[in-house]
Amino acid sequence: MPGKLKAKIVAGRHLPVMDRASDLTDAFVEVKFGNTTFKTDVYPKSLNPQWNSGWFKFEVDDEDLQDEPLQITVLDHDTYSANDAIGKVYIDIDPLLCSEAATVISGWLPIYDTIHGIRGEINVLVKVDLFNDLNRFRQSSCGVKFFCTTSIPRCYRAVMVHGFVEELVVNEDPEYQWIDRIRTPRASNEARQRLISLMSGELQRKIGLKVLEMGGNAVVGYLQCFDLEGESGIVVRAIGTACTLEKLTNPPSNAQHTANSSPSKDIREPVFGEECPCNPLSSGPSTPLRAPAFSFSPSKSYSRQSSSSDTDISLTPKTGMGSGGSAGKEAGPLKTLLRQQTQTALEQREFPFFTLSSFPPGFLSHVGGVVSARSVKLLDRIHNPALGSSRSYKLLDWNSGTADEPETRDAWWEELRQEIKSHAKALGCHAVVGYSESTSICEEVCILSAAGTAAVLNCRFLQESCQDTLTEHRLSRQLPLFPSGSDKVEFDLGSSASLGCEDLAPPGCGFCHIPYDELNMPFPAQLSYCCCCRRAKVPDVLFTTIDLPTEATITGKGCLIQARLCRLKKKGQGEANATCISSLLPFMEYELHTQLLNKLKLRGMNALFGLRIQISVGENMLVGLASATGVYLSALPSPGGIQIAGKNPGDLSYEQHVSNMQRKINDTITKNRDIYQINPPEVVEEVIGSPIPEPRQRSRLFRSQSESSDELSELDLSHGKKDAFVLEIDDTDAVEDIHCLLTDAPTPPGFFSCNTEIMPGIHNWTSGLQMFTSVRVFRLSNANLTNQGLNKIFNELCENLLKSLYFKLRSMVPCCLCHLNFAVAVPEDELIQVAVTAVAMSFHKDQIQDSNKSGEDRTAMKVITEDQLQFPMELSAETTPAQLLSAAKNSGPSDCSTSGLARAPSVDYSSFADRCSTWIEQLRLRAHTIRRGSIKTTSSLERGSPLPDGRSRSLRSTRSFHGSSVAVVKMTPLSFIPGAKIIKYLGIINMFFIRETTSLREEGGVSGFLHTFIAEVFAMVRAHVAALGGNAVVSYSMKECVFMENPNKNQAQCLINVSGDAVIFTRETDLETSSTQLQAANPQSNEDTPA
Amino acid sequence: MSVELEVFVGNNTMMDEDVYQLWLDGYAVNDAVRLRMEAGELRDCDVSTDVVLSDTMDQFRTFQMCEKLLHSPSKLANQLLFQIPPQKQAMMIERYYQFDRPFAREVLGKKLSKGMKKDLDDISSKTGILVKSCRRQFDNFKRVFKVVEELQGPLVDNVQRHFLVSDSLAKDYAAIVFFANSRFETGKRKLQYLSFQDFAFCAGQLISYWTVGAVDKMMEDIDVDLEKEFLHNLKDLKVLINNKDMLDQHKSLVCAQLRGRIKVFSEMDANFKNLSRALVNIAANLTHNKDVRDLFIDLVEKFIEPCKSDKWPVGDLRLFLTHYTSTAHMLETFRYKPIWDRYMGVIKSCVLKMYHD
């Protein structure tokens, strides 16, 4: 009996009227955990009952604590007939099982009914007393922390990153049970909700066990998904990155301020005593260079203790000392040696995958490119229900678990992962970062997809304890830190200097350098010398699934780039259908890829981050949507233009048409460069060398198809031997393509958008943020559509959706839509569904104006750039290293602040100091801007107040509800809250809801129904977070939104799955003071105050 | 090809005050979109009708969902479904309970029953207020009436406590509730010239001085009804007109005060007995419910109209009423001075308020 769960039912409010005669309700509550049920007394004739029950105690295994939710049912007592259920509350008690997370769940939670929605609220109190369990063979994994956040959580540091963990569980779907024919929709929905809650609990427990086995204590980047496979059941699967995290005992705070903001009540994680490899480093708030341990355990048996520094020394070659300044050639053998070591360490892992998408600076040595794999599977093939699953009694009351299935599904994913691994290897990479998996199911066909970014990780991070906690590296949101003493800085310098090897690559461009062998490239590629350091080769275009590394030097701003595609397919059954789909997939990927490249070029950019390619399957079509954030990486060469070639050159009018189009494209490129402030200064030099810097396109995308027959094929997405990037308009398709390119509406002024965590190039966020979900379903009424027609419709659908978002959020301008996450589905024959979840964050204008100014300064260079674009592409010439070298000589101090370091012959100690000091300077500078920004808030508000309507402002800042019982809970898909500091993670929020109606018209039609449901889901998430004591959800995402309707029957059903991390945040001290000023200045618009 | 479903839900409920007003005014979505497009507010945004339509639909849906909560505004503050900043909540409530005065004027004094709904169409066509908005306003009246009717304590406070509206709006509601409860006649043609504000002022006077709560704040009684005992005592005032000596004496006292001070002295002199009789008779008859209902029509017919026909300026009327009231104290045999003051104080201010074209 290792745990005692205690629950108390306090009161209810706003209950629905259950007795029409008295207009009142006789409510009582059933509290159920596992198979134990308690009841409260009936509180007669009230809509606001006060039960004030005693403690209901459940003595249970911790295994059950992890799997089972606490189920609270509110009922109306009826003397003569059966008691009517009012609704239920499922409480995931997992956050209470971890000493560092929440300690109590207490508050008002919405009472939810799958037919009626929210019906009043109930006030409950839940606690858990855990006894220590020393059983080594235990099945539970209490205490393992889970984070949805795809970076190291803010108030933790990673002692060690163990690697990839995955698990899946399968069960039959209650909706497809025979019993479903005789039970009510409510009973069926509730069975499903409960089952999924159980399954995700079990899944989390199993993953936790794996983590414990690896010696970790947390899962970061936890991604859990449901596959509703219909007849063949429900699959709940999850992937994540196992880590050993250590709570920062001193929450990072400005060095000038003492750590008074440190919440004393925070439970400190037992520090790993003397094993802590870098005690002098880890003490106090981390400075950017001070680095706590961050290492990989090469094998499962690798214990925590062995990550101490003596290991590092043994692994770090002595020659590394002082050799820092040596040029690439000298470092060569050393580099390989170290890489080999890293590689071996990683290769011992089955899958060197990381679900994280942002890393500490310098963690990524090189990024190879996107690797992806898809396979089409038939679901009915493996449908072989077996009996006697060991835990089925827990999962299914009707006792028919399908024990074989997890293995089948495991094998499928294993196959894909192997493929990803081999792709990564082909790119010369030993790891895959930003890894994710997804499925799309239509009837019995299922497309499994996996994607990630092949990368080489820095050996220094793999071996030595030299890593900056991720907590502080984003200065835009966190106040920068200053080293509290110079001695510490020196220590850091020493440790960094001793690293040698690949550390030499300047942080701003190192990750762009190719990881693979130049002579033995995995695909035809156009390489050139890095525009930052001129030392290593870089590709001309880089596609990745990760967030933009913080150290990356970029030019201008980024923007959302989407490729959209529809392909009709014949309706089919079984294997024929699967074959048909898998033969279509390569073409779709190719086209999506081409579209992405074209659009990237059109915006004058050269890299994509956060790339997510979604291919959804419907009965008669496939829909592909690729979203990414385009940026101009300063290290990569400037992208060439797009050239159009006509097919019959003789025709004059035709030629005119072509040249017209060419001009339009060139104009657009110029305009876009202006909008996104892409004025790379290096271009000038490059022009000397070769007028057309990068004529040829090549992809970083590796993909392959595997049919259900497991046949593997590989597709080279590069444009083969074509020297220039030429669009031939020899058929209508190409014309459509070009149209498609040019019809992307520009974002309205004041708006930016991206699908990554933060917008490259924007830093000074205000606290104004608005998370939203928008869903659209489009009906294609015309049965005989062409591919082109379909594409056009789909394109318009997405564009209109974006336009509508910009319109809705116009009061937040200047603002950026971050983490724009599109999810496409084909729920029925002629329906396309697009769901978007994102956060709109406003920022201060000043910075933009500043950069505009600097943009003007660069106009001279821009002119040259434009001239360059006018040249036809045929003149393509290889940029020879010699030319580049001479160019490098000519170049003065480049904008890359660290490039001086890279070229200096003797680097090691002094230049490290140099680098540090510049870094610190930068920090100060940014701190300054932050403070300046906060002052400007006041002034801008003052300016703003005479405006007739204060509504724009009130939207911008969620205010604290003074005198109201409802606490404000912020929600954001990002891992941070601008201007605030996360002081505590309270646990993972993972909720699954079903809503059904048989009175669709009465509930305002499909839109009214879904609108209410989404609002209810938000409300329930907020309430649960507030009950845990939190005031925000970070890394929020809507994983699933399955909407089905039958308007003829006046029915609809919707399933939503959301997840995120519940946190407590406080405003940063600086901002607090400024906000008090602000309040004094303008009491009408008070900023947030910590709840 | 059509958009089947279109929703936008923000973590913080988003609403545009202008759109809210359009919704409150009872516009259908399409009309609201048209008005928004015409309003020019969106001119610089360069948006298509579709975008505005979808935005309007979203907001109208939100308002519809909020409407249930607005029916008992205290719920809005502790509901969980919508995250709305308190200032916005206050705005929503205040606007929701705001009403058009022409509409309120039509409904004033009528029984707030279901039967009224048929009349809403007529009121709508008469006032130009959309039926939907009329219904909202009417339902608000009914709801407030139902809640406040049975409550003890000051009427305005009760309205404010339960509906969280501003002070001025609460006062207006108090007037509406008071009129509906006592069913004062306001619909007669002769009363048509009076506005809602006129009546609201009179209601305020009656509530402040003639109800039980007016005399004794501690009294646990309902503020909605006039004090029965007071009305009964008013009968005693008849002595002022029945006693010939007293009437003459009263007249001479008033004349002495007003001689040379008012323009209409001769008319006053001629009419004094009629006017005094009218006022005292109105007082004496207030024991009957029917006569209470007719208070305003009686005042107009028996007092205001005669004065108007003699073209009394307002200033003269004020002087007359002031001295008419005060001189009664000098009548030696007149014993009902407190009741007289309580009666005349209200009558004076009501008459003065109602004395216009």
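Here are some numbered notes for a first look at this structure, which is a predicted model.

1. Start with the place where the two chains meet. Chain A puts 63 residues into the contact, and chain B puts in 45 residues. Interface size is often quoted as the accessible area lost when the parts come together. Here, the area buried between chain A and chain B is about 4,600 Å². Carbon and sulfur atoms give 60% of that area.

2. Next, the polar side of that contact. Between chain A and chain B there are 5 salt bridges, and 24 residue pairs are in polar contact, counting pairs with both residues at pLDDT 80 or more. Several elements of chain A each supply at least two residues to the side that touches chain B, including β7 (105–113), β8 (117–130), β28 (765–779), α14 (787–808), α21 (1005–1027) and β33 (1032–1046). The largest share of that side comes from α21(A), with 13 residues. Sorted by class, the side of chain A that touches chain B has 31 nonpolar, 19 polar and 13 charged residues.

3. β28(A) pairs with strand β1 (residues 2–10) of chain B in the antiparallel sense, over 8 bridges. To get your bearings, look for A:T773, whose bridge partner in β1(B) is B:V9.

4. Now a spot inside chain A: where does A:N990 sit? A:N990 is in strand β32 (residues 980–997) of chain A. With a relative accessible area of 16%, A:N990 is under the 20% cut-off and therefore counts as buried. Its side chain makes a polar contact of 2.9 Å with the side chain of A:Q224, and another, of 3.3 Å, with the side chain of A:N1057. Leaving aside residues up to four places away in sequence, A:N990 touches A:S200, A:Q224, A:N1057, A:V1058 and A:S1059.

5. On to salt bridges in general. Over all chains, the count comes to 49 salt bridges. One of them joins B:E301 and B:K190, with the closest N and O atoms 3.3 Å apart. B:E301 lies in helix α18 (residues 295–309) of chain B and B:K190 in the loop between α10 (167–182) and α11 (196–210), so this pair ties together parts that are 111 residues apart in sequence. B:E301 is partly exposed, at a relative accessible area of 34%, and B:K190 is partly exposed too, at 39%.

6. What does B:R342 form with B:E227? That pair makes a salt bridge, the closest N and O atoms being 2.7 Å apart. B:R342 lies in helix α20 (residues 337–354) of chain B, while B:E227 is in the loop between α12 (212–215) and α13 (228–233), so the pair links parts that are 115 residues apart in sequence. B:E227 is buried, with a relative accessible area of 13%.

7. B:K290 and B:D294 form a salt bridge, with the closest N and O atoms 2.4 Å apart. B:D294 is buried, at a relative accessible area of 12%. Separately, salt bridges that share partners join A:K808, A:R810, B:D16, B:R36, B:D55, B:D58 and B:R61 into one network, so look for residues of chain A and chain B together there.

8. Last, some backbone details to check. A cis peptide bond joins A:V813 and A:P814, with omega about -5 degrees. A:P814 is in the loop between α14 and β29 (815–825) of chain A. A:H14 is not a glycine, yet it has a positive phi of about 55 degrees. A:H14 lies in the loop between β1 (3–13) and β2 (27–33) of chain A and is buried, with a relative accessible area of 18%. In chain B, B:R183 is a residue other than glycine with a positive phi, near 55 degrees. B:R183 is found in the loop between α10 and α11 of chain B and is partly exposed, with a relative accessible area of 32%.

How values were computed. Residues numbered from 1 in each chain as written. Chains lettered and ligands numbered in written order. Predicted model: local features only at pLDDT ≥ 70, side-chain atom pairs only at ≥ 80, totals over all residues. Heavy atoms only, no water. Contact = heavy atoms within 4.5 Å. Buried area = accessible area lost by both parts, 1.4 Å probe. Salt bridge = Lys/Arg side-chain N within 4 Å of Asp/Glu carboxyl O. Polar contact = N/O pair within 3.5 Å; in protein donor to acceptor, adjacent residues only side chain to side chain. Helix = DSSP H or I, 4+ residues; strand = E, 2+ residues; numbered from the N terminus. Nonpolar A, V, L, I, M, F, W, Y, C, P; charged D, E, K, R; others polar. Pairing = 2+ DSSP bridges. Buried < 20%, exposed > 50% of the residue type's maximum accessible area, 1.4 Å probe, protein only.
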